[in-house]
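This briefing covers a chain contact, a sheet and a helix. Please keep the structure in view while reading.

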Amino acid sequence: MSIRVLIVDDHAGFRALAREVLERHGFDVVAEAADGASALRAAEASRPDVVLLDVQLPDANGFDVADALVAPVEPPLVVMTSTRDLSDLGSRLERSSARGFIPKSRLSGAALEELVRR
Amino acid sequence: MSAPTLDAVPLRRRERVDPLLLLPVGAAGALFATWWSLSAGKSDISAAVDLAVAWAFVAAACLALSKVTFRSSGILMTAVAASWFVTDLQLSTVSVLWTVGFVFGELYLAFLVQLVVGFPEGRPWSPVARIVVASTYVATVGLSFVRALFYPSAHNLLLVRASEQRADTIDQISAVFGAAIAIAFAVLVLARLLRLRGVGRRVAMPMLVGALLATPVTLVRLVAVIQGNDGLSDRLEAVDRFATIFIPLGFIVGLGWSRLRRVHASTLVVELRDGGAGTMRDRLSRALGDPSLEIHFYVEHSGGYVDSAGHPVELANIERAGRAVTHVVAQGSPAAMLVHDPALLDEPDLVASVRETAGLFLENERLAAEIRAQLAEVQASRARIVAAADEERRRLERDLHDGAQQHLVGLSLKLALAQIGADPAAADAFANAQGDLERALAELREFARGVHPSVLREEGLDAGVEALVRRTPIPVEIVGSAGERLPDAVELAAYFLVSESLANIVKHARATHATVSVSRAYDGLVVVITDDGVGGANAGWGTGLSGLSDRLAALEGSLEVVSPPGSGTTLTARIPCAS
């Protein structure tokens, strides 16, 4: 059974491309959300295995959303993404409950799978 | 905005009956009361004591009523003098007079307490003082009235049920109550004495000391009443009433003392010209005998006033603090504003001559204050320019992130998709293009970071410094922390300083190790960057550092570079900020 993914990003263009990239690789993109609040609702409704989460959302900091997403009993695995690169994030990634980080420009099914299987 | 004119000088004198009229009227009234009480059987010694005290109060009241600041006190002194002989009405055989004398005989004590614990403003000093005043009215008039309901006397019009025992009990209750009030009164007066400063102290101290001297006698007499020692309490009564004289005498002494300490108006010019050490403020303060004196200078181009450090002065604050203001003119235009103790307004001649002459000596200090005010304005405008430039940088970074970077990221993903299922040659070309695009994106990110680092905006200075250190190819140790978020301009200045310094260390210093220390001082932020490199750093290291000192100067900060050849480099920046 394929891995179920929720994509959270405020740019619709990126969400469409990310969906295509991940589905070509065999992931099952079950939902998309454009901000932190709808991400939490979508995660509740569709129970994804993985959440691909933008660091900078219009209504919240992505890391705060990541912490909220892993609060339930069977939390999804959260992977952060951003136009910026890792060194722009300070030590926030290590301190967060996210599994890892993929720069948007290097998003691929293989990269996500590697983080998920780790 | 136009400057306050000279008409704004408080001139609170109003036409009224000349208070000097009180002197003959009061003196004659006291004489009449004394003659009457002597003929009704009062002892010679009591009559003499009462006359002396009454005259002292009449004299003090005349002086007080002729001064604006002591008007309310003057009215209360008049009230004390007028009620002083009421108790003698008990010598009368006319029932109405006897009853009035019985009930209101101690009313003068209430006026007296109100006079002292509200001196010189005429309002009780504190809520506690207000309670003491109200209690005195209750203890004197209120309890006397209740006592009259039982006191057996043929002349008592208020008698309901004659009972000597009840009357005595009430007398003792009122003595206990009175003793408590006397103690509270003494504590209030003592606390006030310890707090008073300057002109106010000179004026009020003798009278408050007088009040303190009078209190123990009252207290001893009340204790005698409580113990039922009638002989002692009767003998002490005359002494107690005589001790009251310290209060009007203290007032008269205080008034004379405060006048003696002040220079005469005609010698003021000499005092100001040759008045010894210190600034003009110190000389004026000495000449006027007011240590609290402040001078604010008129600034022509803003039409307002600044203090000697050049900071603008709010007129409303001065008024709220209950301070008096006198405007000084020089050659017909405003020069300065003296903020002083309102008690000085009682010397209109002195204040007027200060207004006319001080301007001649203040011009230099006024010009210096004006230049300081202009410098402060330039400083503020420089800080605003930097803040505006920072805001512009922030907007630019956001536009880059939301615009070009998003498009390039999209393009990169499209190239990745195109590689899937393409023939090997095409896939290779796509992969190459994706690599080029990745480098372009990295350069764009680097550029955006230099414009306005997003990590600083979102996570603060500590995270910003950490991100910088991660990108530095030599080991860098971070010491300390900025703690909570600081103003944007401060964080940016500190960040750019660390960024520029680390870049210089990598480029020029040939260092193997560096340390970045960030700490909070009581008045701001201290950033220290050291390395173990070749030293010899100077402004030639690039335009970066001189641009940074401009940025720091706009925040009134400083940058110090210590870089002896061969011994590494230490940069120390201090950035003031309110914490």
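A residue counts as buried if 20 or more other C-beta atoms lie within 10 Å of its own, with C-beta atoms placed from the backbone. By that cut-off, strand β4 (residues 333–340) of chain B is mostly covered, with seven of its eight residues buried. The model is predicted.

**The sheet in chain B**
- β4(B) belongs to an open sheet of four strands in the order β2-β1-β4-β3, with antiparallel pairing.
- The edges are β2 (304–306) and β3 of chain B, and each of these strands pairs on one side only.
- Between neighbouring strands of this sheet the turn is 30 degrees on average, direction ignored.
- Strands of a sheet pair through backbone hydrogen bonds, either parallel or antiparallel.

**Partners of β4(B)**
- Strand β1 (residues 294–299) of chain B runs antiparallel to β4(B), and four bridges join the two.
- On this side, B:Glu294 has B:Val339 of β4(B) as its bridge partner.
- Strand β3 (residues 324–330) of chain B is also antiparallel to β4(B), joined to that strand by seven bridges.
- B:Val328 faces B:Ala336 in β4(B) across this pairing.
- B:Ala330 likewise stands opposite B:Ser333 in β4(B).
- β3(B) and β4(B) make a hairpin, with two residues between the strands.
- In the turn, B:Gln331 has a positive phi of about 45 degrees.

**Helix α18 of chain B**
- Which residues of helix α18 (residues 461–471) of chain B are buried? They are B:Leu461, B:Asp462, B:Ala463, B:Gly464, B:Val465, B:Ala467 and B:Leu468.
- The cover over the buried residues of α18(B) includes elements of chain B: α17 (454–459), β5 (476–480), α19 (488–509) and β6 (514–521).
- Chain A takes part in this cover too, through α4 (92–95).
- An α-helix has 3.6 residues a turn, so residues three or four places apart point the same way.

**The contact between chains A and B**
- How many residues does each chain bring to the contact? Chain A gives 22 residues and chain B gives 24 residues.
- Helix α1 (residues 12–24) of chain A supplies seven residues, the largest share of the side of chain A that touches chain B.
- By class, that side of chain A holds six nonpolar, nine polar and seven charged residues.

Note on methods:
Residues numbered from 1 in each chain as written. Chains lettered and ligands numbered in written order. Predicted model: local features only at pLDDT ≥ 70, side-chain atom pairs only at ≥ 80, totals over all residues. Contact = placed C-beta atoms within 7 Å. Nonpolar A, V, L, I, M, F, W, Y, C, P; charged D, E, K, R; others polar. Buried ≥ 20, exposed ≤ 12 C-beta atoms within 10 Å, placed from the backbone. Pairing = 2+ DSSP bridges. Axes fitted to C-alpha atoms, helices over the stretch in contact; angles between N-to-C directions.
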